[in-house]
Amino acid sequence: MGFIWDTLIVNPMINVMIVMEQLLFGSFGLAIVAFTILVRVATLPLTLRQLHSSRRMQELTPRIQEIQKKYKDPKRRQEETMKLYREAGVNPLGCLGPMIIQFPIWFALYRVLTLTVGGTPETVAGLSHRLYNVSLIQDAVPLPTTFLWLDLGRQDTTYILVILVGITTWLQTKLSMASATAPQSAQTQQTNKMLLWMMPAMFAWFTLTVPSGLALYWTVTNIIGIVMNYFVYGWHRKDWRDIFRPGQPATDGPRPTRSAPAAAALTDGERATPTSKRPARSGGSDTRTNDEQPGSKRKDRRGGGGPGTPPARSRRVPGGDRDP
Amino acid sequence: MLALATALALLAAGCGRIAKPLGWAAPVAEGDQLFVSLDHGAITAVSAADPPQPLWHFPQKDTRVSLTVKDGDNQSNPKAEKLKLEGIYGDPAATAGMVYITAYSGHVVAINRADGTGKWAAQLPGRIIGGALAEGGRVYAATNRGELFSLAADSGFVQWRRHVAGGVWSTPLLVNGLVVIAGMDGSVSAYDADGNRHWRERPAARGIAAALTLADGRLYAASFDQRVYALDPTTGKTLWRSAAADNWLWTPPVVSGGLVYAGSLDGTLYAFDAAAGDTIKWQHDLGEMLRSRPVVVNGTVIAGATDGRLLGFQAADGTPLWEQAASGLPSEPNAPRGDLYAALLARQNAVYFITERSRGNDSLYVFDVSARTVREVKLQ
């Protein structure tokens, strides 16, 4: 298994990385930056699917909470929840699929970096079986380990990378959390608050103990994540200073949950117009008007995002009757 | 969610630990002493008696040595500082009264042979992977940044420094009064004691990491381009280049009986014809990487695979003679164990070697070539 993993994934990635190093003026630091961007671009469709799916799940949270309050019978509760998912065109595992597909790529990239930026003579010997017999690649050995002020195989003693990793991790975590437009339980809020500070602190601490080449990778991948979150979650339509205001969602209020066709439309490349005049639902309320019954051809747009958008009409939870 | 994030973060950090430079310095014999790097970044002097007895260790816990050079610059008022040496890759260089070691941390250290006290230490910019050459009151060492340094043997001060290649892993070698050094760009250069370059050639297409070998009036170099080169020692011109091996040639060439032996990282031991080189006289696959320099003892080539096995071949024709199995089995307590990276040392019908395991045990393996038995000798 390890042999297949190395032969099919890790070794090709190492060789591509070294080709990039050769093409980018013999700089392994630039190769790390370029390779990280390349891999993130290659997995962009999966990442976007994951982000959109995750966002739609967040939008459904109030309605799921209402179902949980309304129905005591677990079986009924599950049925209603699944029905809600079906109507909204959301697969509850939808965000997991792309993530699971991406995991091997990230692990491989991580392995590539640990194998190449190690910088010790021992790691060079270990590369001998992994490099293709191509002059461009073989000529690169031993790989250069310096980039800007960094020795890529060593910790950054200037603490600049520590600060960069901390800030970018905080920003990425903040942007993805603040996008949770649905009301959150106190426990979730508490967890998010803890994550917001714990993750940057942890990664900043790790930066002190890992090769700076890895910390460089963390910084670059965080920056790409920040840019994606910024656009996917609608932060670009807001004042950037809102990011630093506590408890600010990406949009001014909770977005309406889409009807199934609308959700489908969004899946096909997010074609729905964000400027729809359709009123957004007020958060927490979850009753449905007749014109939004399942099967209605009227499409709910991803409105509600713009400043000044009036509150949405509430709508009933599909399925009607309540448990006694 | 919190647990998952924490687990992923810990995994990310745990997988990315900084690789520790372990070093692979070989045991070296000089007079009645052996010098062995048992700890990473440390050296032990051992009496060459039977059984070998430890004489001293360097550095000790609180050892302080006068740091005469810092980052390549001479210190006007050198202070005694605590040394933090990293792995020792180059073989120690011993003279009548001193032994000189180089460390991956960039240090060159002069140690008194008599008592193991440090005389001076010079910290050069970059990493040092090759060993030192002590000759004519000077100590020469080169760094992975491609600089060759000449240090005064008595004080440690830098006499001169020259940029010789893109990077250097090899050990300087004295050839006809010149200091010859190979580079990771495939070049070989010769400098006199004053730092004047006499010649520079680039015989190999890729790096020459292993030390050069001078034998039978020729200079031999083994390269990552999978070939051995025979050079004219007075001009550096290539006399011949060998047929291609199956992977990088990692070990220094060993010349004996009209053959040149070299080991590849694919685990193949090659014997090339020293007269022409383009003929592979014989070759054997050891089944594991070959990173340890072989030795020739009484007409037998002895090679050590990285898994700790020693193998003997008839030097002339490559006939396999015996194999000393590596073992982790309690039933074979004397079989060598652990990864073997350091070169073998042949001395008086015995082969001395260390593995990563023996280093951890502060011990040295001694292989009796006649009896074909291995002993593990504790040195603490």
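Where is P142(A) found? P142(A) sits in the loop between α7 and β1 (146–147) of chain A. Helices and strands here are DSSP runs, H or I of at least four residues and E of at least two, numbered from the N terminus.

Some ground rules. This is a predicted model: local features need pLDDT of at least 70, side-chain atom pairs count only at pLDDT 80 or more, and totals for chains, interfaces and linings use all residues. Residues are numbered from 1 along each chain as its sequence is written, chains are lettered from A and ligands numbered from 1 in the order in which they are written, and side-chain values use heavy atoms, with hydrogens and water left out.

Chain B next. It has a cis bond too, from F58(B) to P59(B), with omega near -5°. P59(B) lies in the loop between β4 (53–58) and β5 (64–70) of chain B. Then there is Q348(B). Its phi is near 50°, positive in a residue other than glycine. Q348(B) is in the loop between β31 (345–347) and β32 (350–353) of chain B.

Now the interface. In chain B, 37 residues are in contact with 38 residues of chain A; contact means heavy atoms within 4.5 Å. The buried area is about 3000 Å², and carbon and sulfur atoms give 66% of it. That is accessible area (1.4 Å probe) lost when two parts are put together, summed over both.

How many salt bridges are there between chain B and chain A? The count is three. The rule is a side-chain nitrogen of Lys or Arg within 4 Å of a carboxyl oxygen of Asp or Glu. D139(A) pairs with R206(B) in a salt bridge, the closest N and O atoms being 2.9 Å apart.

Over all chains, the whole structure has 16 salt bridges. One is between the side chains of D6(A) and R130(A), at 3.3 Å, N to O. D6(A) lies in helix α1 (residues 2–23) and R130(A) in the loop between α6 (121–127) and α7 (135–138) of chain A, so the pair ties together parts 124 residues apart in sequence.

Last, α3(A). It bends by about 45° at T61(A), and a proline, P62(A), follows within four residues. The bend is the angle between axes fitted to the seven residues ending there and the seven starting there.
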